[in-house]
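Let's take a walk through this chain, starting with its overall layout and then stopping at a few spots along the way. Keep the structure open as you read.

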Amino acid sequence: MLFVPDEIRQCLSVRPRSQFAPSKRACALLEQAGLRPTRQRAALATFLFQEGNRHVTAEDLWQEAGAAGVRLSLATIYNTLNQFAEAGLLCKVCINGERAYFDTDLGNHQHFFVKAENRLIDIPAAHMPFAELPEPPEGYSIAKVDVVIQLVRNKSGGSSRPRSTQRAFREQARAG
Ligand SMILES: [Zn+2]
């Protein structure tokens, strides 16, 4: 049997700190948005834009980064997500002013929010027709319409008559 001294064995058993490599596409996106692709920005952009559109919170991304061996503080991730939103790479969706989701889909759409599951669900623009928007005050024009319809799961598990949805919508409208 081959003799391997302890110190060599230790070196061999130490896993590389991180095998994570940011994607070239993520770096290109950052540069296009006018953001320097620092290590942390490139890593987070890679997680965000690697597949399909998604809604994430800073906590979601923190866990994802940690699992991939990328150690960043939650505050760094939150600040970076806000930078991405300011640079137009993400849309920020705030729920009740306390929970911020970041959406990679910049297209025109609205959201359902399922509080019990902390989950946003897209409502395509075609399903959310606004027959009549209020006239903005003089000197202003409407830049964007953000609608979050809060959902609760039906107790009976039956069909989803939109009464509770309408009530949640009215409450949201009053609160907002
Ligand atoms: Zn969305």
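Going along the sequence, the elements come in the pattern α-α-α-β-α-α-β-β-β-β-β-α. That makes six helices and six strands in the chain, where helices (H or I, at least four residues) and strands (E, at least two) are DSSP runs numbered from the N terminus. Before going further, note that this is a predicted model, in which local features need pLDDT of at least 70 and side-chain atom pairs count only at pLDDT 80 or more, while totals for chains, interfaces and linings use all residues. Residue numbers start from 1 along each chain as its sequence is written.

Now for the helix pair. H4 (residues 58–67) and H5 (residues 74–86) have axes that come within 9 Å and cross at roughly 120°; the axes are lines fitted to C-alpha atoms over the stretch in contact, and angles run from 0 to 180 degrees between N-to-C directions. H4 and H5 are therefore oblique to each other, given that angles under 35 degrees count as roughly parallel, over 145 as roughly antiparallel, 65 to 115 as roughly perpendicular and the rest as oblique. On the H4 side, the contact is made by Ala58, Glu59, Leu61 and Trp62, and on the H5 side by Leu74, Ile77, Tyr78 and Leu81 (contact means C-beta atoms, placed from the backbone, within 7 Å). Sort the residues of this contact and you get seven nonpolar, no polar and one charged; here Ala, Val, Leu, Ile, Met, Phe, Trp, Tyr, Cys and Pro count as nonpolar, Asp, Glu, Lys and Arg as charged, and the others, Gly among them, as polar.

Next, the sheet. Three strands form an open sheet in the order S5-S4-S6, with mixed pairing; two strands pair if DSSP finds at least two bridges between them. S5 (119–124) and S6 sit at the edges, each pairing on one side only. From one strand to the next, the twist averages 30°. S4 (residues 109–114) and S5 run antiparallel and are joined by six bridges, and His111 has Asp122 in S5 as its bridge partner.

Last stop: Arg153, in the loop between S6 (148–151) and H6 (163–175). Is Arg153 buried or exposed? Arg153 is exposed, because 12 other C-beta atoms lie within 10 Å; the cut-offs are 20 or more for buried, 12 or fewer for exposed, and partly exposed in between, with C-beta atoms placed from the backbone. The C-alpha atoms of Arg153 and Lys115 are 9.5 Å apart, although 38 residues separate the two along the chain.

Note on methods: Contact = placed C-beta atoms within 7 Å.
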